[in-house]
Each structure stands twice: as C-alpha cells, then as structure tokens.
Amino acid sequence: MIITKQKKAEDIMKCLEKVERVFIIGCTQCATVCKTGGEDEVRKMKDFLEANGKKVAAAEVWDTPCNLLEVRKRARDSKDELSGSQVLLLMSCGDGAHTVSLGTGMSVVPANDTLFLGQSERAGKFNEVCALCGDCTLFVTGGYCPNALCPKGLQNGPCGGVKDGKCEVSPEIDCGWLLIYNRLRDTGNLDKMKKVLPPKDHSKSVRPRKITVDAVRKRQ
Ligand code: SF4
Ligand code: SF4
C-alpha cells in the first residue's frame, strides 16, 4: 500500500492562494486506508476550503486515481464540474495526482505527501519494509530487507554502531542487521551470512521505471 500523510492546512492554502474554484478528488484505495483521502477527509476538506473563502465545484472520491483509463472515464463523467474549476486538489498519492493531471489536462495541487510502500501492521499503523530496489535479495537475508531496515542500506552485515540492539542513526529503530541475524539464526540459516553479496545493482532502479507485463512474461 502507498502511504501518504496530509500536508498542513496552511501549506495547502498557500498552494491555493490565487485559486477561487477547486475540485477535490479523493481515492477509494490507499488514501482511504491512510485516512488522507476517503469520504470523511474529502468532506472535511470541502468544509475547510469553503470556510476559508474558496468555491468547491465538486468533491468526489474516485476509484483508483492512479489508473489512467479510470481517470479518463471519470473526467468525461465530470466534464462540467472540471471545466468550472481552476485546479484539482488531489487527496491521493503522488501517482494519483500525476495520473489525474495527465488524464484531465488540468493543474493539480497535492493535498498529501507520499511517503513509502507500507506494510499494514494494524489499522492506522504502517511500516516501511521494502524500498522497491528492483533486485530482491530477501532469500539471503531471512525475509528482512537491509535496504529498508538499515538506514545505510548495508548489504553485508552491520556497521559498528549498533547499541543495545538499536541503530546508531536513530535509537528509535531496531538495527536491521540484528533482525536479519536473529531470523537467520532462528531458522538455521546463519551460514548465509558468510556469503559476501555483490554490490547492489542500482541499474535496476534507475528512474523513471516502466514495465509491460506481457513483454516481461514473453522473456521468461
Ligand atoms: S531487497 Fe528489499 S527493497 Fe529490494 S525488492 Fe526486496 S524487499 Fe524490496
Ligand atoms: S546500526 Fe544497524 S541498522 Fe543502523 S546503520 Fe548500522 S547496521 Fe544499519
């Protein structure tokens, strides 16, 4: 799931400084779960903007604003409201904001900051456990990702800064490499730590990345 957090109200208002009419768009998926763009949040945003002198042409929660075909269809359905707006306020992730701008040809203002790909631990609590590197090595690190769990992204064991099991970069977080060691030990796989991994192949994560599922399947 893509994790987002809502920007501060004053920052949103700064982006809307010279704007009179706004169309608010939320998202039924990740942003609803993160409480940054569901029905409730969109309604509160509408009330807030109106209380601050803005005209809200429409306030809707779209299904998958990150889906270009879906966006084009919604744009056709909401043609009048869109043409009556100066900008679209996107209560989604950055992917949704970009896709809606592309699909409507309109300016967007993001109401949210997009943070990371998150594991849902329980309602409202998310953890970053994968950094989307494009070259997964979890089979040698016991299912714990050094790219996500070690702030230095070390690939072959811990630095010398571990203190009481915590990371030297932040005492708030467990040392990722200690987690990896413990998991490998508990599953009888400690020998994997003796293997030196090659440097990370960052060519697999050069941005912007694109993929066509059928083309990949044909190569396999
Ligand atoms: S190694 Fe880590 S960052 Fe890379 S794909 Fe696997 S879990 Fe994600
Ligand atoms: S203390 Fe552990 S998690 Fe922190 S930077 Fe060093 S190896 Fe990585």
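Ile3 stands opposite Phe116 of strand E6. This pair belongs to a predicted model, in which local features need pLDDT of at least 70 and side-chain atom pairs count only at pLDDT 80 or more, while totals for chains, interfaces and linings use all residues. Residues are numbered from 1 along each chain as its sequence is written, and chains are lettered from A and ligands numbered from 1 in the order in which they are written.

Strand E1 pairs with strand E6 (residues 112–122) in the antiparallel sense over 5 bridges. Strands here are DSSP runs (E, at least two residues), numbered from the N terminus, and two of them pair if DSSP finds at least two bridges between them.

Turning to the domains, an automatic or database assignment divides the protein chain into domain 1 (2–115) and domain 2 (135–219). Their C-alpha centres lie 36 Å apart.

The ligands come next. Residues around ligand 1 (C-beta atom, placed from the backbone, within 6 Å) include Cys130, Cys133, Cys136 and Cys145. This shell divides into 8 nonpolar, 2 polar and 1 charged residues. Ligand 2 is surrounded by 14 residues, the closest being Cys150, Pro158, Cys159, Cys167 and Cys175.

How values were computed: Ala, Val, Leu, Ile, Met, Phe, Trp, Tyr, Cys and Pro count as nonpolar, Asp, Glu, Lys and Arg as charged, and the others, Gly among them, as polar. Helices (H or I, at least four residues) and strands (E, at least two) are DSSP runs, numbered from the N terminus.
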